[in-house]
Amino acid sequence: MTTPSQRAPSSEFRLLAVPLVLFLLVFLGFPALVNLVYSVSEVSFETLRSPEITGFANFTAVWTDSSFWQASWFSFRFGLLTALLECALGLFLAIFLSPLIEKRSWLMAILMLPLMVAPALIGLMYRFVLHEFVGPVPYYLWTWFGASFSFLGPASAFWTLVVVETLQWTPFAFLLFHMAYQAIPKEIIEASAMDGAHYRHRLWYVELPLMAPTIVVALLIRFIDGFRVFDNVYVLTGSGAGGSTASLSIYIYEAFFKQGAIGKAVAASVILFAVSFAVLYGLNALAARRKGAR
Amino acid sequence: MTFSTLRRGGLIATAIASLMASPAFAKVTVLGWPGGPEETALRAAADAYNAKPDVTDANKVELLFFNRDGFWDKLQADLAAGSKAFDANLLATYSIGRYAPFMEPVELSDEAKAVYGDSVLTTMQYEGKQFGVPTDLSLHFMYYRNDLIEALLKDDAAKAKFAEISEKHLGRKLEPKNPDEWTWDDYAATALYFTQAVNPDSPTRYGTVLQLKNLLFNMMVFQSLPRSYGGNWMDESGKVTVNSDAFRKGLEIYKLLYDAGATPRDSLSYEFAEANAAYASGQVAAMMQWNAAASDLTSKEKSPAVAEVTETIAPPAGPEGRFTHIHGLGFGLNKNAENKDGARAFIKWLSSKDAALIYARNNGAPALTPDVVKEVAADRPDLVKLGAFASKYGYVMNGGTSAKALSVYELQAKEFTGYWSGQQSLDDALGKTEKGMTDLLK
């Protein structure tokens with residue numbers, strides 16, 4: 001016997017799906033097709049409407065460009081580190097502040113404030129907060145210690161950017177973990193307490209496993225967000241001395257607009273899309289296999 | 001629904017559509033540089049033009065502004081898409097070659113040569129054709145603290161210390177000089193002397209502030225140094241000449257100052273605003289900066305610590321003389337303009353003496369010839385220096401208006417900042433720049 005989900009789509013279903021399919025074709029399919037054509041063409045702003053197909057030269061140019069690999073490494077490191085830091089801090093705050101938030105829920109609004117600010121504005125804000133002659137942080141460092149610390153110099157720019165990103169997006173991870181923590185049934189906690197589980201054991205063997213799906217999702221979302229970072233980094237340091245703080249998004253933007261290398265920029269974005277798709281497909285397959293094994 | 005309701009709805013819809021589409025109905029739509037003195041000046045010029053009795057309603061000027069952020073990228077995308085939203089648009093010296101395929105050469109008024117002079121008019125030329133009228137000029141001043149320099153020049157013990165520092169860092173004993181007689185070595189020695197990391201008795205924390213962010217505009221500030229040593233992008237045959245002693249010397253001087261701590265450690269993230277803030281704090285003795293900073297740095301309200309002791313002169317000299325990068329902002333004709341004749345007439349008028357004076361009196365920064373600038377000298381003394389420096393020291397690198405000029409600046413910014421930050425050697429930086437420029441300018 002077939003279940004409703006196994007039956008062939010009805011004509012009404014097809015009809016209702018038409019607007020969505022058309023929308024996807026026009027707004028995603030067409031640009032994707034144009035991008036694919038540009039990625040194998042010699043194209044400039046003068047020849048946007050008449051690109052000349054030249055094969056895979058753009059892909060070769062990207063693949064052999066040390067700046068592309070430098071930007072890829074920056075994006076990977078930045079995405080991974082910020083995701084780990086944000087999730088670790090967010091998890092700690094969600095559990096540590098849980099009793100306080102339960103009693104004073106308005107604190108949530110204050111903790112969420114950094115999320116309300118556009119990343120570009122965060123970059124602009126720190127550009128001046130960290131400026132040696134304008135910013136409060138260097139001012140007090142100079143007043144108290146007589147030292148002028150370089151926050152955005154070549155040796156420290158990466159870590160400063162990591163801290164700035166972490167400060168802005170930790171509240172997002174905190175929000176997810178707070179909701180997940182609150183959703184753990186009280187009976188389970190009480191039962192484990194009655195069984196004599198110490199708080200650390202309860203956290204490790206009961207609460208964290210129950211929060212694991214949320215932790216994985218938060219890590220993934222924050223990694224993707226960190227990997228494709230653009231706004232705050234671009235405003236704070238641009239692509240950095242010698243391209244040291246260029247993320248892949250910045251690399252693509254600069255290749256497209258600043259260098260006018262449209263084919264190369266699009267080829268880089270196609271590579272990025274292909275790698276992202278492969279990673280997500282792999283993760284999806286892994287999750288499906290684990291689900292099937294249970 | 002009655003017919004009258006429908007009609008009312010139709011009228012309202014038409015009115016809303018008309019309002020939303022107003023730029024398309026403009027007689028002559030001019031896309032300007034938003035949010036600064038250039039906008040104020042352009043508005044005044046457009047009002048004056050529209051008030052002329054011989055300008056018909058069909059040729060009156062309406063102004064259009066987009067956001068300043070990413071302006072050139074958006075303009076490039078619009079022009080490439082064949083936009084008809086504006087008839088005349090802003091253009092800059094360093095981007096003429098990129099926009100030229102989407103624009104048409106213009107004819108200036110008979111007075112233009114006498115008003116601006118040849119060197120300024122060239123800032124709006126590409127392949128020998130005039131693509132715009134140069135309404136605003138940007139160049140560089142050396143800003144310095146005259147109180148500090150005067151004290152140094154009077155103090156024998158300070159002079160001895162100055163000689164000792166210059167010998168240690170530059171390899172020869174130098175004497176303090178009046179800044180108007182500085183060579184680049186004198187500037188470097190002075191910057192080192194006024195740096196507490198080098199000279200703990202210095203009254204300022206830093207001797208200079210270099211804007212070293214990986215940004216194309218910072219390369220424009222830097223290049224007057226190698227140019228004064230004879231540096232150029234290309235020779236007459238079109239061969240890229242950046243891998244030269246002149247660029248090597250310029251890059252080394254900057255590296256020396258950065259490594260010695262004569263400029264803030266964060267200078268590698270500094271651009272216009274950060275450098276101004278550093279200088280205005282009173283903790284910097286001298287800096288090379290755009291002329292646009294002059295009004296703020298000499299304003300008692302905006303820069304109380306330095307306003308009364310700040311002087312501006314032309315950049316220091318090298319063996320080939322004194323040079324300042326110049327580039328112009330101006331207005332040219334969109335190839336897809338709907339009202340080309342109207343736009344041509346406006347651009348031609350904008351290059352006349354009357355228009356230049358209106359533009360100058362309303363906060364614009366045109367580089368005017370001595371005969372013309374004297375008519376506004378009482379109101380705008382800064383324009384006297386601007387015009388004089390532009391005609392005496394102004395230069396545009398060979399290839400500086402080419403289609404790839406912006407890309408060349410971007411390339412230099414990446415490679416040179418890589419050297420200054422210690423990520424690559426000088427040979428690598430110059431070698432990569434030469435190779436990249438050869439590809440870009442072929």
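How many residues of domain 1 of chain B are in contact with domain 2 of chain B? I looked this up and found that 10 residues of domain 1 touch 19 residues of domain 2, where contact means heavy atoms within 4.5 Å.

I note that this is a predicted model, in which local features need pLDDT of at least 70, side-chain atom pairs count only at pLDDT 80 or more, and totals for chains, interfaces and linings use all residues. Residues are numbered from 1 along each chain as its sequence is written, chains are lettered from A and ligands numbered from 1 in the order in which they are written, and side-chain values use heavy atoms, with hydrogens and water left out.

I recorded the bounds of domain 1 of chain B as 3-136 + 327-395 and those of domain 2 as 140-325 + 404-441; such bounds come from an automatic or database domain assignment. The centres of the two domains, taken over C-alpha atoms, are 33 Å apart.

I then turned to the area. Domain 1 and domain 2 of chain B bury about 1,400 Å² between them, with 66% of it on carbon and sulfur atoms. Buried area is the accessible area (1.4 Å probe) that two parts lose on being put together, summed over both. Y94(B), Y393(B) and Y395(B) supply 51% of the area that domain 1 buries against domain 2, more than any other three residues.
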